[in-house]
Amino acid sequence: MLLKILKHVAFLLAIGLGAASALAAAPVDCRAGTYRLADGAIVDVAPSEGTALRWRRLDGTTGLLSGPGPEYRSTLGWTGRPAGIIVSFTPCADRGIRFGGTQGRRIDFDTTETSFRSGEVSLAGRLVLPRGAGPVPIVVLVHGSEHDSARELYSLQRLLPAMGIGAFVYDKRGTGGSGGAYTQNYLTLALDAVAAAREARRLAGGRAGPVGYQAGSQGGWVAPLAARIEPVDFVIVCFGLAVSPADEEREAIAYGVSRHGFGPAAVAQANDFAEASLTMLRSGFQDGYAQMEEARRRHGSAPWFRHVRGDVTHVLMQKSEEELRRIGPPLFAGLQLDYDPMPVLRNLDVPQLWILAEEDIDAPSAETARRLDALAAAGRPIRVAIFPGTEHGIYAFETTADDERLSTRQPEGYLRMMRDFILTRHLSGDYGAQLSGAR
């Protein structure tokens, strides 16, 4: 969860750290949108890295489109390998696509741009509804820890309406078109989410059916808190946690070492690296460097050392003290390492669906699943779904010779599961996941 922040290091260094709270959404690419193909299939196209585009389908398949055009050869997931799919677009005014030999046309949605206030901050939002006059469920998309514009990049803002569900997307404070300073203070972010849900209801008017949250990663700490502050009709948490961020780092270090066959003694020693990272984070990157070097001196020759990863530790270990002192504080502003989500979850009566990745190396899911199942057994309205063979983001993956993971796709049942829960608050059928909790 914390790792998303560090992916922005090079970008922030290039533009200057002070620009982080003044980012604006890039001009809209006219090719971005959701298309219905002649065979009835749905494909969404969204901006991606640089000038590239990423397509996604409801069955979880995805690929990257890059190059000068007019024909784009797609890669498979994030592997960089050819997927055997050629994609081209008609002129913007025609709103057409040719995807793998099948023609399609952009789906028209009822879209309303808005700005709304949360406290003293103005946030930029967008309501996207399927065409029609009747009420539909509306999902407020709660962001993770990224610094990017959700309005620009989130494909769910269109994929949900393509399934008959409304979506409200907004740029978190300090990103995209929203004001304020970037923060990881969960109460502040939860109040922003509450304001977003109110704005979604206001804009939808008579078309507003049940309203709830869908939150990914860090949003798993935010959305339940928002629902506790002001109840909604449902909460969906994807690859989030029911442990603190500090315990996330400890669990990620332990998982990285133990999954390579090393036992409790090695895990306990590897935890020295987690504690050094936590010292850095708690001190605002003023301390912890000697602690990290001591851990490296003591354990650097251990056979398990090369498997020390964690969520952020492996990145912090690669940066110099000077660099971390400079870039760390704004990247982790407001981070609450010891935030305990359990008091909120113990007292939350809102129906919840938690979707977890069985092999999540950034946010290991085992303890979270255990806690959620215990809450469900105690009467909380929680369903837990664990997708086997997936990592953070609910992505299937390939493992390279040097033990790096390359994401390929999401499971076929992932979006279908969310759709069913949003529409009925129940799950039925085979989604390819292990299900537990309240029924």
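Author: Start at Trp55, which stands opposite Gly63 in E4. This is a predicted model, where local features need pLDDT of at least 70 and side-chain atom pairs pLDDT 80 or more, while totals for chains, interfaces and linings use all residues. Residues are numbered from 1 along each chain as its sequence is written, and side-chain values use heavy atoms, without hydrogens or water.

Strand E3 spans residues 53–57 and joins E4 through four bridges, in the antiparallel sense. Strands here are DSSP runs (E, at least two residues) and helices are runs of H or I with at least four, numbered from the N terminus. Two strands pair if DSSP finds at least two bridges between them.

E3 and E4 belong to an open sheet of eight strands. The order is E4-E3-E2-E1-E8-E7-E6-E5, and the pairing is antiparallel. Its edges are strand E4 (62–65) and strand E5 (71–75), each pairing on one side only. On average, neighbouring strands of this sheet are turned by 30 degrees against each other, direction ignored. The axes behind such angles are lines fitted to C-alpha atoms, for helices over the stretch in contact, and angles run from 0 to 180 degrees between N-to-C directions.

E5 runs antiparallel to strand E6 (residues 82–89), with four bridges between them. Glu71 has Ser88 in E6 as its bridge partner. The two strands form a hairpin with six residues between them. In that turn, Gly77 has a positive phi of about 55 degrees.

Most residues other than glycine have a negative phi.

Arg95 turns up again in a cavity lining. A cavity is a set of points on a 1 Å grid over the protein atoms alone where a 1.4 Å probe fits but cannot get out, and its lining residues have an atom within 4 Å of a point. One cavity of 30 Å³ or more is counted. The largest cavity holds about 40 Å³ of space. That volume is the space filled by probe spheres set on the grid points, which are joined across faces, edges and corners. Among the lining residues are Phe89, Thr90, Pro91, Cys92, Arg95 and Gly96. Cys30, Arg31, Tyr35 and Arg106 line the largest cavity too.

Strand E11 (residues 136–142) is joined to strand E13 (residues 208–216) by six bridges, running parallel. Val142 stands opposite Ala215 in E13. E13 also runs parallel to strand E14 (residues 234–238), over five bridges. Phe234 in E14 is the bridge partner of Gly212.

Finally, a loop residue. Ser178 lies between strand E12 (166–170) and helix H5 (186–204). Its relative accessibility is 5%, so Ser178 counts as buried (under 20%; exposed is over 50%, partly exposed in between, with a 1.4 Å probe and protein chains only). A polar atom of the Ser178 side chain lies 2.9 Å from the backbone nitrogen of Ala124. The backbone oxygen of Asp171 lies 2.5 Å from a polar atom of the Ser178 side chain.

Note on methods: A polar contact is a pair of N or O atoms within 3.5 Å; within protein, one must be able to donate a hydrogen and the other to accept it, and residues adjacent in sequence count only if both atoms are side-chain atoms. On a 1 Å grid over the protein atoms alone, a cavity is a set of points where a 1.4 Å probe fits but cannot get out, and a pocket is an open set with protein on both sides within 12 Å along at least five of seven lines; lining residues have an atom within 4 Å of a point.
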